[in-house]
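Here is a short briefing to read beside the model. Please keep the sequence and the 3D view open as you go.

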Amino acid sequence: MTLRLYDTATGEVRDFVPLAAGKAGIYVCGLTVQSEPHVGHVRSAVNFDVLRRWLAATGSDVTFIRNITDIDDKILTKAADQGRPWYNLAYDMKRELDRAYADLNVLPPTYEPAATGHVPEMIELIELLISKGHAYAAEDGSGDVYFDVRSWPSYGELTHQGIDDMEAATDADPRGKRDPRDFALWKGWKSDSEPRTASWPAPWGRGRPGWHIECSAMAGKYLGEAFDIHGGGVDLRFPHHENEQAQSRAAGGAFASYWLHNAWITTSGEKMSKSLGNSLLVPEVLKRVRGIELRYYMVAAHYRSHVEFSFEALDDAASAFQRIERFVEQYPGVVGELPDAFVAAMDDDLGTPAAVAVIHTLVREGNAQPGAAAKLAGQVRAMLAVLGLDPADPAWAAGGSGKAETALAAAMELVMQQRAKARADKDWPTADAIRDALAAAGIDVEDTPDGARWSIQNGSV
RNA sequence: GGUGGGUUGGCCGAGAGGCGAGGCAACGGACUGCAAAUCCGUGUACACGGGUUCAAAUCCCGUACCCACCUCCA
């Protein structure tokens, strides 16, 4: 069986053939660290984390690079508004983002390069483009350098657009551009409005990198001039990815073999960045459901499908996941093989919805046939691990000192003994009163043939 | 204007010519002291209008509505 992926560049699902057998190089556009991450922001990371885990699970040696953009117009503007240094804002937001990733069990990438750490590499690349006649320094003395789209005949190939069909940007200041579609590789320092700390020396004068050049430079540095997969959100197809590819190919590299794009999570039919309110920030959402449940919600939908976010759907997803969790936790430590149906689903362009359906089917079988349950639980756990959803993964245990939990467990043992005694005496009012009181305190009690079991209610963590 | 995508049952969400993915919710039953959990059962959904076909949610034509991107939004 072979992994097949939908490639934006060709517009079809095709077999994944890595440049080097057994290896996979992936570059994913991370975020511009300019504000707190909301659930839409982290979808991309979760989706590509699944891709990465799947490749690793099927024997690939994966090099996974996800950048962060830590210098851009918005960061400068916001930091100025907030009266603090831009690098402080970027760093703060990066830490928020790291926390959100950790809360969702997104594996750290092989490396996470930041734009500001790769200015020399970008300058080198820009000089190469200038020497090849694909870029030019603006003649208006601004210090800007632009990519010359007319010099690159295949410009537009990634998004299947003809250059003359594109709307010329009406809002963009033409400055020293030869063509309005030319885009900035380097932006000259505006000494009257921008801090000097946000500029670096370059052959064209002090300035800072344009947006797209960082990814070309960093992908090239860590993955080579040709690599397997480039990923990001759909909105990045144009202009960002189109420009990246144009730059990198104009400089002489083959760049990415496959382009993968994840769809949006919207709210009220709108992209989340337009929505107001903090309720969709990852830490806020995690007050309602656990990270593993939020991750399940994302994984249960296909990465190329739009998801209309709603708390109702999120709660449903949490309920569905708890069903899986209750089953698998009865058989700790058992890990089995991946069922063929699961492998087939994942190989089909990461068909996580079908893969999740396989999980549910085995859970139902396991619940119905106690004799086969342990084996099935092992298979379920193996599948969950691939999706980053194994409840036993230590990644989910983060936070808490453990002291409180130990104390709680001891206290609960006492309470449960009391209730067991009441039940043995058929003192139902007392037994029910204890159960009701615990429920009100956020603890569920269930009676099973093997005795009572308690658990913290969903969302309380 | 160009490019890409969407419209599926109460809800979420797959599928892409032929036996109703899966989950949540609901209802009935089993189990339980009562619950919970679990199991069993119950649903004829594919925006609209035509067409092709033995057979269409799936293919074709047309219509409507929605969304994204078109130079620094994941």
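Predicted model: local features only at pLDDT ≥ 70, side-chain atom pairs only at ≥ 80, totals over all residues.

Residues are numbered from 1 along each chain as its sequence is written, chains are lettered from A and ligands numbered from 1 in the order in which they are written, and side-chain values use heavy atoms, with hydrogens and water left out.

**Domains**
- Chain A is split into domain 1 (17-266), domain 2 (288-397) and domain 3 (404-456), with bounds from an automatic or database domain assignment.
- The centres of domain 1 and domain 2, taken over C-alpha atoms, lie 34 Å apart.
- Contact (heavy atoms within 4.5 Å) links 22 residues of domain 1 with 28 residues of domain 2.
- About 2,100 Å² is buried between domain 1 and domain 2, and carbon and sulfur atoms give 64% of that area; buried area is the accessible area (1.4 Å probe) that two parts lose on being put together, summed over both.

**Helix H12**
- Helices are DSSP runs (H or I, at least four residues), numbered from the N terminus.
- Buried residues (under 20% relative accessible area, 1.4 Å probe, protein chains only) of H12 include Leu376, Arg381 and Met383.
- The buried residues of H12 pack against helices H1 (39-57), H9 (311-328), H10 (340-347) and H11 (352-368).
- Just after H12, Gly388 has a positive phi of about 75 degrees.

Conventions. Buried < 20%, exposed > 50% of the residue type's maximum accessible area, 1.4 Å probe, protein only. Helix = DSSP H or I, 4+ residues; strand = E, 2+ residues; numbered from the N terminus.
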